[in-house]
Structure formats: C-alpha cells, structure tokens
Amino acid sequence: MGLLDRGVEIKTPEQIDLMRKAGLVVGSTLELLRGHVRAGISTGELDAIAEDSIRGSGATPSFKGYHGFPGSICASVNDEVVHGIPGGRTLAEGDVISIDCGAIVGGWHGDAAITVAVGAVPPEVTELMRVTEQAMWRGIAAARRGGRVTDISHAVERYVRDQGSYGILEDYTGHGIGSEMHMAPNVPNYGRPGKGPKLVEGIALAVEPMLTLGSKRTDVLEDDWTVVSEDGSWGAHFEHTFTLTPTGTWVLTALDGGEAVLTELGVPFGGR
Ligand code: MG
Ligand code: MG
C-alpha cells in the first residue's frame, strides 16, 4: 500500500483482491435484498437478512456501529435519500427504497447501493432511478488512468443534466475506499473535469450519485441520520466501488465486475 497525491491510498493487487471479496459480499447481499423487497416487509427485516448474508459469507457489516449507526444497511424510503435507519417501517406498494450496504473482508471494504421500486411506481420515479443508475455508470466509465477524480464528477453531472431537471445532492459525495470505508478523496457528483487527485492503478473509489425529483437541498431528521429532501421530493441512490487495473476498470461490487455495462460504454474491462 502506498500513499500518493494528497493522501490517496493506493492498493496492491493482493489488497484489491480482498476488496473484490468484500465487494462480492456486498453485491450478492444487495441482490438478495432486491428479491425480498415487497409490500409488507419492514426495513428492519431487510436489515436482518443483510446482516445474516454478510456474516454468513465470513464478512463483517461495516455500517453496524459506524459512528453509532445501528443497522447493517441504510434503508431510505421515498423522500429519504440516504442514511435511513432500518427499523419498524413497513414498505407499501408504490414506495421506493434505497438500500446501501457495506462489508469488510480481511480489513478491506466494499460499499454499494441500489434503489428498488415496491411494485408499481409512477413513470417519473422509474425514470429517476434509471437516470441515477446510469449517471453512476457514466461516472465510473469516465475514470481512466492518467485522468483526474473530477472527470467522474463531471460525467455524472453532464449525464444527469442531459436527462432532465433533477436535484443533485451536493452535501454528500462519493469517496475513496479501502482500509476504511470513507477515505480521501471526495468524489462529488458535479463539477468541472480535470481536478483533484490523479487516477492511477490501485486507486479505489465509491461513485454514488444521489438525485431527487426536486430540490438538491436536504435536511437531517431528528434521528441525526436520515437525510430527506428539503422539498419532500423522492430520491434515488446508486453506488458501486471500482478500481483501475493495468487492463481497465473493475467494478468490485458488481457481480460481473461491471463487464457488461463497461463493454456497452466502450470501456476496457479490467477484472481478473
Ligand atoms: Mg454506501
Ligand atoms: Mg459510499
């Protein structure tokens, strides 16, 4: 492990392999949860399923106890955009839930999030989810060795603005990840390209656009965690952890390593 360019942690291939293990635990846990999302299930039940899945894989849930956070997932429903605490809230037909999940294997972290509709939702909500997920992929696809961190930020913002009028949260960002969940650098979801630390082999970043159908401004509820849109508009959140290898881009929390989407976007797949 080396430190390079403004304190960014650069991983060895062996450390990236452990992050891939953590990423697969996160990715498979999220797919398991997607299958359980339905009207009538509580966010606390989803949390229990996640914790069993993570621990059953020999990993540790990174969220549990993080600055006192009580859950193994963040479960954010409708106008809650991120950091919702799982508990007694029961999902209803027509809701959307953002599920954020993290796991640690051998001291190395994976972090990813999905937003899932509970049954049928209005078309604009389906579109919000699509734009958010695609913006994440465009951000990851913009990361090339020799580029800069805000190339990602710029690609996310440009894609979102091209799709319509959405609030892009500015108070929360993607981040470096590795021996800790949240590390330097921040990866904002907007801004000019060509700034920030250099993108090099062994860097690992979590890219996570958080969008709303309205305002980019947010409030934090009295539980001191749950982030809601200020105007009550609904939100979506997608996240993946990726790295750059000598052969291309490797999405450590995607079950296929990101190969399908990266190939579609013309980006060399760097998995091993
Ligand atoms: Mg996350
Ligand atoms: Mg994250």
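**Metal site, aromatic pair, helices and cores**

In this predicted model, Asp 111 and Glu 239 are both buried.

Q: Which residues coordinate the magnesium ion (ligand 1)?
A: The donor atoms lie 2.0 to 2.5 Å from the magnesium ion (ligand 1). Their residues follow the spacing D-x10-D-x127-E in sequence.

Q: Which residue coordinates both the magnesium ion (ligand 1) and the magnesium ion (ligand 2)?
A: The two magnesium ions, ligand 1 and ligand 2, are 3.1 Å apart. The residue that coordinates both of them is Asp 111.

Q: How many residues apart are Asp 111 and Glu 239, which link distant parts of the chain?
A: Asp 111 belongs to strand S7 (residues 108-117). Glu 239 sits in the loop between strand S15 (235-237) and strand S16 (240-245). The pair links distant parts of the chain, and its separation is 128 residues.

Q: What is the geometry of the aromatic pair formed by Phe 69 and Trp 225?
A: One aromatic pair is found in a search of the whole structure. The ring centres of Phe 69 and Trp 225 are 4.9 Å apart, and the ring planes meet at 80 degrees. Planes over 60 degrees apart meet the criterion for this class, so the pair is edge-to-face.

Q: How many residues apart in sequence are the parts that the pair of Phe 69 and Trp 225 ties together?
A: Phe 69 is in the loop between strand S3 (60-61) and strand S4 (73-77), and this residue is buried, with a relative accessible area of 3%. Trp 225 is in the loop between strand S13 (218-220) and strand S14 (227-229). The pair therefore ties together parts whose separation in sequence is 156 residues.

Q: Why do the buried residues of H2 line one face of the helix?
A: The buried residues of H2 are Thr 43, Leu 46, Asp 47, Ala 50, Glu 51, Ser 53 and Ile 54. They line one face because, in a view down the axis of H2, they fall within an arc of 165 degrees.

Q: Which elements do the buried residues of H2 pack against?
A: H2 has 14 residues and reaches 20 Å from its first C-alpha to its last. The face turned away from the buried side carries the exposed residues Asp 52 and Gly 56. The buried residues pack against helix H1 (13-36), S3, S4 and strand S6 (96-105).

Q: What distance separates the C-alpha atoms of Ser 57 and Gly 232?
A: Along the chain, Ser 57 and Gly 232 are 175 residues apart. Their C-alpha atoms are separated by 37 Å.

Q: Which element supplies the largest share of the largest nonpolar core?
A: The largest nonpolar core has 61 residues, and those with the most contacts inside it are Ile 97, Ile 152 and Phe 242. Ile 97 touches residues including Val 37, Leu 46, Val 77 and Ile 114. Another core, of seven residues, lies apart and includes Met 19 and Trp 108. The largest share of the 61-residue core is nine residues, and it comes from H3.

Note on methods: Residues are numbered from 1 along each chain as its sequence is written. Chains are lettered from A and ligands numbered from 1 in the order in which they are written. This is a predicted model: local features need pLDDT of at least 70, side-chain atom pairs count only at pLDDT 80 or more; totals for chains, interfaces and linings use all residues. Side-chain values use heavy atoms; hydrogens and water are left out. Rings of Phe, Tyr and Trp (its six-membered ring) pair if their centres lie within 6.5 Å; planes under 30 degrees apart count as stacked, over 60 as edge-to-face and the rest as tilted. Helices (H or I, at least four residues) and strands (E, at least two) are DSSP runs, numbered from the N terminus. Buried means under 20% relative accessible area, exposed over 50%, partly exposed in between (1.4 Å probe, protein chains only). Donors are N, O and S atoms within 2.8 Å of the metal (3.2 Å for Na, K and Ca); water is not among the atoms, so sites may look incomplete. The expected span of a helix is 1.5 Å times one less than its number of residues. The arc is that of the directions from the helix axis to the C-beta atoms. Contact means heavy atoms within 4.5 Å. A nonpolar core is a set of buried Ala, Val, Leu, Ile, Met, Phe, Trp, Tyr and Cys residues joined through side-chain atoms within 4.5 Å. Lists of a residue's contacts leave out its neighbours within four places in sequence.
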